[in-house]
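Subject: Structure handover

Dear colleague,

Please find below the structure I promised to pass on, followed by notes on what turned up in it. Could you read the notes with the coordinates open beside them?

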Amino acid sequence: MANQEFVLISALGQAEDKKYYIKDTKDEIYIIDQDMDIVVLDGINAKFLDKTKNCTIHMEGLKDSSITYYVLNSQSSKRCFDIHGELNVVEISISATEESLFIHLLNENAQANVKNLSILKEVSSTYTQRIDHKALSTYSNIKNVGVAMNGSNLVFDTTGKIDKGMSKSKCAQLSRGVVMDNISSITAKPILLIDEYDCFANHGASIGKMSDEDLFYLMSRGLTKKQAFLLILEGIVRPFIDSIPNEELKESMEKEIMARIGE
């Protein structure tokens with residue numbers, strides 16, 4: 001992936017209606033650093049990096065638009081997306097946060113994919129996520145991955161709703177958690193609200209300590225227990241790190257994550 005350059009979106013200037021309009025497809029990533037109301041116009045591909053704290057973001061993606069939205073160590077912000085095209089959210093956090101994500105799929109074939117990695121040590125975090133299917137043949141997929149250690153508490157509160165009449169829609173949720181000690185916890189609260197028969201919806205959760213069989217296998221190959229732990233955890237977090245589009249950000253995030261899980 002080519003290294004992406006950044007543009008501060010607030011430098012674009014607001015329109016008379018106090019919104020920021022993305023009118024062209026460019027290689028740059030727009031940085032979000034404050035409360036914002038953003039519109040991505042028809043057919044535009046746009047990438048965003050959100051590093052906000054305690055902010056409120058509203059974004060509308062119009063027909064045939066494609067939005068890629070990175071969230072790196074943001075804290076306690078609220079985000080609402082009205083999507084007519086495609087939305088892909090990738091979030092990585094190693095900080096305490098209380099945040100919410102609301103996505104409305106408003107046009108036929110609109111879709112949203114959310115991938116969230118949270119690695120906590122001595123802190124607590126809650127993620128409230130909701131996707132509403134308000135059009136025919138819409139698609140959503142939420143994948144949460146959590147690692148909790150040293151008395152951390154992590155909650156994934158995830159809701160998917162398919163409205164009546166929104167046939168052929170698909171809604172999927174999956175939460176995976178690794179608890180590193182007896183004083184930490186990860187809780188998944190998967191909720192499906194389905195008012196339509198002709199659709200597909202499922203959810204799943206896998207939370208617990210690291211597999212003894214996996215550890216034993218790696219240790220039988222000559223690794224210490226700590227090395228085996230780190231290798232398995234790196235396999236979990238590596239896809240998230242590799243998705244970061246800027247090499248400097250990727251290296252910084254990787255260093256923080258590996259320092260956290262290596263302690």
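Glu 247 and Lys 250 are separated by about one helical turn, because they are three residues apart in helix 3 (residues 247-262), where helices (H or I, at least four residues) and strands (E, at least two) are DSSP runs numbered from the N terminus. Their side chains form a salt bridge with the closest N and O atoms 3.7 Å apart, the term meaning a side-chain nitrogen of Lys or Arg within 4 Å of a carboxyl oxygen of Asp or Glu. Glu 247 is partly exposed at a relative accessible area of 35%, whereas Lys 250 counts as buried at 14%; buried here means under 20% relative accessible area, exposed over 50%, and partly exposed in between, with a 1.4 Å probe and protein chains only.

Before going further, please note that this is a predicted model, in which local features need pLDDT of at least 70 and side-chain atom pairs count only at pLDDT 80 or more, while totals for chains, interfaces and linings use all residues. Residues are numbered from 1 along each chain as its sequence is written, and side-chain values use heavy atoms, with hydrogens and water left out.

By the rule above, the count comes to eleven salt bridges. One of them joins Lys 161 to Asp 195, with 3.4 Å between the closest N and O atoms, and this pair links distant parts of the chain, since Lys 161 lies in strand 14 (residues 153-162) and Asp 195 in the loop between strand 16 (185-194) and strand 17, 34 residues apart. Lys 161 is buried, with a relative accessible area of 17%, while Asp 195 is partly exposed at 41%. Salt bridges that share partners also join Lys 134, Lys 161, Asp 163 and Asp 195 into one network. Another salt bridge is found between Asp 242 and Arg 238, at 3.6 Å from N to O; both residues lie in helix 2, four residues apart, or about one turn of the helix. Asp 242 is partly exposed at 39%, and Arg 238 is partly exposed at 21%.

Turning to the fold, the chain has three helices and 17 strands. Nine strands form an open sheet with parallel pairing, in the order 1-3-5-7-9-11-13-15-17, two strands being counted as paired if DSSP finds at least two bridges between them. Strand 1 (6-8) and strand 17 (200-208) stand at the edges with a single partner strand each, so one side of each is left without a neighbour in the sheet. The twist averages 15 degrees from one strand to the next, with axes taken as lines fitted to C-alpha atoms (for helices over the stretch in contact) and angles running from 0 to 180 degrees between N-to-C directions. Strand 7 (residues 66-72) and strand 9 (residues 86-93) pair over seven bridges in the parallel sense, and Tyr 69 stands opposite Val 89 in strand 9. Helix 2 (residues 225-242) packs on the sheet, touching strand 9, strand 11 (111-121), strand 13 (139-149) and strand 15 (170-179), and its direction makes about 135 degrees with that of strand 11; contact means heavy atoms within 4.5 Å.

For the chain as a whole, 47% of the 263 residues count as buried, and the C-alpha trace spans about 60 × 45 × 30 Å along its principal axes.
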